[in-house]
Amino acid sequence: MFPVLQSLRGLLILIQSVKPKNTQLCTCFFFPRQLKTGTMGEDSSVTLFREYLRLRTVHPEPDYDAALRFLDGIAEELGLPIKKIEVCPGRVVSVMTWEGTNPSLKTILLNSHTDVVPVYQEHWKYDAFAAVKDSEGNIFARGTQDMKSVTIQYIEAVRRLKAEGKKLMRTIHLMFVPDEEVGGHKGMETFVKLPEFQELNIGFALDEGLANPGEAFTVFYGERNPWWITVRCPGNPGHGSRFVENTAAEKLRSIINSFLDFREKEKGRLNTSECFTLGDVTTVNMTMVKGGVAYNVIPAEMDVSFDLRIPPTVNLQVCFEEQIKQWCKEAGEGITYDFAQKHMNQNMTSTDESDPWWNAFSTTCKAMNMTLEKEIFPAATDSRFIRAVGLPAIGFSPMNRTPILLHDHNEFLNEQVFLKGIQVYERLVVALANVPAMTCDA
Ligand code: MET
Ligand SMILES: [Zn+2]
Ligand SMILES: [Zn+2]
């Protein structure tokens with residue numbers, strides 16, 4: 001071996017060993033990000049993605065300041081203005097804007113949330129915030145699928161279009177929102193009601209979707225409604241050695257049975273119908289139980305919580321809540337319930353070929369030989385608040401040939417899939433921004 005090369009390698013190993021594990025060398029001080037190649041021949045978009053994955057915007061205490069600084073840096077690189085709106089104390093929405101040639105037209109929103117859900121680190125192959133890339137190009141980190149990939153893909157698509165000197169007709173807003181993973185109360189739910197949201201003059205929105213393990217890409221035109229409910233069962237207390245009447249536990253059992261019997265029925269409906277996906281049935285999961293103070297004291301109250309996800313086609317107020325009331329009545333006296341989430345809006349976005357937004361979206365995908373599978377989103381995203389104010393929104397994360405691993409251990413995304421997604425957005429952004437003026441623009 002040439003001694004020079006050998007010592008260069010030695011130097012690199014030395015640098016690698018003194019820097020914190022898995023942090024980036026190149027983007028920090030060796031090469032500016034604009035270069036096509038980042039770390040060790042890696043595409044600079046991938047390097048940026050990995051850098052973003054390392055920010056610990058994880059609940060219960062997300063480092064939102066780190067994300068805000070990161071996004072500020074990007075806005076500066078891209079030469080785009082960035083606006084910050086503090087919707088609640090410590091909860092800031094940032095909006096980066098690329099103005100179109102006709103700024104009076106309705107705009108296109110590219111939305112993404114900056115927070116991620118917690119991890120069980122002991123179940124991960126690698127540090128969940130190290131963004132390790134294995135020999136197959138799979139990048140492991142919390143947020144690779146949900147949804148830091150999409151954030152960086154939007155950014156990189158816009159960066160490339162700008163670099164090509166493209167001018168788009170409609171204005172593009174890239175929006176970065178906190179707290180999606182905890183219900184959006186201090187994020188999108190509040191923001192859509194503010195004048196600053198109105199001022200964005202949005203005509204159509206893209207937000208997150210899900211990976212598809214096959215060749216196709218899944219797109220979501222509606223969502224199930226999340227209902228998070230706690231049922232409180234009061235009862236007579238007493239000594240643990242007696243047959244006390246009317247106990248909390250007996251009521252609790254009845255409630256649990258009612259909810260879980262319904263769960264079985266819905267599971268059966270999903271499994272027996274070929275044309276149903278998860279978004280077409282109601283899921284019920286018992287997620288928390290509380291009550292009791294000692295082995296030999298019959299408790300005065302026992303509470304149980306459920307996570308329900310209800311398809312937009314179910315009559316929520318009349319049928320569903322009545323059903324819950326009935327179950328409570330059957331279970332005994334004094335049972336009450338309250339909601340931590342009770343989304344009622346059931347707006348869906350048109351996927352009719354005559355709809356100009358959908359037409360632009362779907363024909364662009366077709367032109368790229370992509371197959372689309374249209375579904376109802378089984379969980380919940382910030383799209384529900386966008387649709388609730390009457391705007392069309394499509395949930396889409398360009399990840400095919402990828403197992404669905406959001407919120408799971410060892411969440412990953414392959415770098416080739418990630419890179420392909422940037423090209424997809426490049427085409428989609430152009431198509432959507434150039435949808436001709438229509439009646440809603442007036
Ligand atoms: C119901 S709040 C949404 C939080 C998360 N996105 C979920 O679907 O669970
Ligand atoms: Zn998400
Ligand atoms: Zn999520």
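In what order do the strands of the open sheet of 3 strands stand? The order is 4-5-17, and the pairing is antiparallel. The model is predicted: local features need pLDDT of at least 70, side-chain atom pairs count only at pLDDT 80 or more, and totals for chains, interfaces and linings use all residues. Residues are numbered from 1 along each chain as its sequence is written, while chains are lettered from A and ligands numbered from 1 in the order in which they are written.

**Open sheet**

- Strands here are DSSP runs (E, at least two residues), numbered from the N terminus, and two strands pair if DSSP finds at least two bridges between them.
- Strand 4 (132-133) and strand 17 (412-414) are the edge strands, each pairing on one side only.
- Strand 5 (residues 138-140) runs antiparallel to strand 17 and is joined to strand 17 by 3 bridges.
- Ile139 has Leu413 of strand 17 as its bridge partner.

- A residue is buried if 20 or more other C-beta atoms, placed from the backbone, lie within 10 Å of its own.
- Ile172, Leu174 and Phe176 point one way from strand 6, and His173, Met175 and Val177 point the other way.
- Strand 2 (residues 91-98) pairs with strand 6 in the antiparallel sense over 5 bridges, and Met96 stands opposite Leu174.
- Strand 3 (residues 107-113) pairs with strand 6 in the parallel sense over 6 bridges, and the bridge partner of Leu109 is His173.

**Domains**

- The chain is divided into domain 1 (22-223 + 347-441) and domain 2 (226-311 + 313-342), with bounds from an automatic or database domain assignment.
- The C-alpha centres of domain 1 and domain 2 lie 36 Å apart.
- The contact takes 7 residues from domain 1 and 8 residues from domain 2, where contact means C-beta atoms, placed from the backbone, within 7 Å.
- On the side of domain 1 that touches domain 2, the residues divide into 5 nonpolar, 1 polar and 1 charged.
- Ala, Val, Leu, Ile, Met, Phe, Trp, Tyr, Cys and Pro count as nonpolar, Asp, Glu, Lys and Arg as charged, and the others, Gly among them, as polar.

**Ligand 1**

- Ligand 1 is surrounded by Glu180, Glu181, Gly183, Pro226, Gln341, Ala379, Ala380 and Thr381, each with its C-beta atom, placed from the backbone, within 6 Å of the ligand.
- By class, this shell has 3 nonpolar, 3 polar and 2 charged residues.

Conventions
Two residues are in contact if their C-beta atoms, placed from the backbone, lie within 7 Å. Helices (H or I, at least four residues) and strands (E, at least two) are DSSP runs, numbered from the N terminus. A residue is buried if 20 or more other C-beta atoms lie within 10 Å of its own, exposed if 12 or fewer, and partly exposed in between; C-beta atoms are placed from the backbone.
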